[in-house]
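Let's walk through this model together, moving from domains to a sheet and then to a core. Please keep the coordinates open as you read.

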Amino acid sequence: MINAVGRDIPNYLLKDGKEVYQGKFYMDGKYIQKVAPKTVRYEKPQESKIVATIVDALKQCGAKSGMTFSFHHHLRNGDYVANMVMEAAVRELGLCDLTIAATSLGEANDPIAEYIEEGKVIGLQTSGIRGKIGDVVSKGKLKTPAIIRSHGGRPRAIEAGEVHIDIAFVAAPTSDCVGNCRGIGGKSNCGSLGYAMTDARYADKVVVVTDCLVDFPNYPASVEAIDVDAVVVVDSIGNPAKIASAAARISKNPRDLMMAENVAKVIASTPYFKDGFSFQTGVGGPSLAANLFLERFMDKRNIKMGWAIGGICGPMVELLKKGKVGKVIDVQDFDLDAVNSINQTPGHFEMSASQYANPANKGAFVNKLDFVVLAALEIDTNFNVNVLTGSDGVLRGAPGGHPDTAAGSKCCIIVTPLIRGRMATVCEHVVTVTTPGDCVDVLVTDYGIAVNPLRPDIIECLDNAHIPHVSIESLKEKAYSIVGRPDDLEWEDNVVAVLEARDGTILDVVRQIRPYKV
Amino acid sequence: MIPRPRPRRFRLRRTMMFMNAQKPGLIKDAYIYGCDSIMLDLEDAVAENQKDAARFSLYHALKTIDYGNTEVIVRINGLDTPHWQEDIRVCVAGGADGIRIAKCESAQDVITVENAVLAAEKEFGVEEGRTLLMAALESPKGIINAYEICTASKRMFGVAISGGDFRRCMGTHFQRDGVDLLVARGQMLIAARAAGIQCFDTVFTDLDDDEGFEAELLQNKAMGFDGKSLINPKQIRPVHDLLAPTEKEVLWAKKVVEAYREQSAAGVGVFTVDGKMIDIAFIPGAERTLRLAKACGMYDGDLV
């Protein structure tokens, strides 16, 4: 069945009420029946929930084959916890037919690819899928199609019971003996634990894995002891150097800076750019540099930013400390400046992924967002964005909060160079639609700016501010004129990943890639 | 093959950005930054044993990249080197808009280059007189002979001072107040204006000194320069911003040109605008202001 972004969704996936994507806000006003976990009562006072090893924790939680384990990715490319747990489950306890429900998976989780190839792990639900896991899933090695969701789509699916977590694992930089967790105060700090919050509340069992046990009560707690079954203390939960980079620096690349300046100009031309406006930006070169130019426009107009959300790193913390933004609230911290600021700098708070981006609650933060600045691997002439699959069709990315912020914000700006190496970023059809074009308003490239024709109001703003803009078709033609038009990818029939829109409908599917023959 | 329109001798040239003609990553799309002219360098940026490779890179860039409205100038090697003749053949064959003569010291230098350019135009079937020239004055002799250089050829559209070499010749170095180049800049400006061609200031090399750059720009503007040579895209915006006319200036220029067109159609030569006497002498200045305003996105009328 063809959906609203023109993708053919196989009918066999449309069962149990599953629908194809119908356009943004299709589910508005509908009801959701939330599920509740079945959890054990610890009525009698306990001295401690500490167990000796991960294997002991798995045994205590009744781990068995066929279960779903959840993980969160705050330790990013430094994460050891998902690998340790899966190794214990598969190698030591001999479990199989497992499903991993992770907020994201990266190259740090490469060892898990082996369990997929062996058929021990048969299901994956994640936002990000990269490295060896992306390769084996693209080759059709996972028994069931992986389900890719946005950061807002995941808590929605958990609350709706579409994914039932048997055991959630919380990688905690600090925990006390009963499981109050924080992202700071230890040796592997990550700051916010926002993505772990929904998991902890909706899982039947919750295991905290920490490398820094602190005195009770570890407060204010990000994940509370009332949801925790067991605490395991290990030598190390992750590699600090890969968890949070040193301060993210604003690019000096003139191309990034030019695009960033144009992003700021577009923002400043709209009526939403007024005192108290709200903002989110990414950490890529031009996205992050937008902070710098935006600050200049704010100074010039003598206005302040009301609040910022994200993924947060140093430059936004700097703005907070300078008093140029009222509040910074985040689900994740990307560098040490942000890690050391959250819940420390006045005005810098933590929030859950549901509060951040869930489309099925009563109004997430993204719905109040004025501007979001996002990157893209590809964007097509209908403004559909791909941030999941590479030009070779292999899974190597993450929707993250991209579709959520794009749909919720008043003005969504995609910033990307027109070409990367010899690939056209602006193209006729993206490999996979991860953010639908009806959510994307403006495209800023190094070769020009294009506005979605769905937004004549923004076109007028740019014209009034004398900001030149062109059609997205002309940008595509320019890109093809430089690097040529690529051949279409060739696919097998079987679906290796289902890309869910944030509202739970099916936006696109990724099929197995057919090996290239010369 | 990208056919370029016939170069215009007089056009807006606020910013001329230098880049090594041998660096594909730089030259493939340098126009995106919005400078008025790009200056592809075959001279100092290219190592002695790479001159030939740089010419090939330059030729293919000129033939395959669509630089659009951005002017494409090439800085050739000095007349005291074995490279300049071949440089000129490549520029003309590739269809560059103009050539910057390095270390120009006399009218004869301009004539020597012009003869070689004409020969190349004939050789490659390029329209004769198409290729423009500008001269870089880099020595005291060049400054002394500025006027004869400026008037040496109909192809000449401007002169520029090259601060590094000139300071070396004079035994001085960069001064924040510009006193090191003050006389040379002044003499070159006077010569260029007397000859009716454009005049460009030297590069500012400290990319981290935003204040110093701005101070130099303000002095350039006060002295009457048309534009400046640049070494990095980040320098473009400040030049365009500082050289932009004020809104008041644009409004005034618009009134003057409109009134002039009206009055001259009615056979009146001298008239007043807002109580000020205006005659034909004011018109080129007012039109220049409007052209500048148009380039800066401050004016979109059809008077210029």
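Predicted model: local features only at pLDDT ≥ 70, side-chain atom pairs only at ≥ 80, totals over all residues.

Residues are numbered from 1 along each chain as its sequence is written, while chains are lettered from A and ligands numbered from 1 in the order in which they are written.

Begin with chain A, which is divided into domain 1 (50-243) and domain 2 (254-486); such bounds come from an automatic or database domain assignment. Their centres, taken over C-alpha atoms, are separated by 29 Å. Domain 1 of chain A brings 30 residues to the contact and domain 2 of chain A brings 32 residues, with contact meaning C-beta atoms, placed from the backbone, within 7 Å.

Next comes an open sheet of 10 strands in chain A with mixed pairing, in the order β1-β10-β9-β6-β2-β3-β4-β5-β24-β25. Here helices (H or I, at least four residues) and strands (E, at least two) are DSSP runs, numbered from the N terminus, and two strands pair if DSSP finds at least two bridges between them. The edge strands are β1 (50-51) and β25 (506-513) of chain A, each pairing on one side only. β1(A) runs parallel to β10 (residues 230-233) of chain A, joined by 2 bridges, and A:Ile50 stands opposite A:Val231.

Finally, the largest nonpolar core has 256 residues, and A:Val170 and B:Val159 have the most contacts inside it. Helix α8 (residues 254-269) of chain A gives the most to this core, 9 residues. A nonpolar core is a set of buried Ala, Val, Leu, Ile, Met, Phe, Trp, Tyr and Cys residues joined through C-beta atoms within 7 Å; buried means 20 or more other C-beta atoms within 10 Å of a residue's own.

Technical notes: Buried ≥ 20, exposed ≤ 12 C-beta atoms within 10 Å, placed from the backbone. Contact = placed C-beta atoms within 7 Å.
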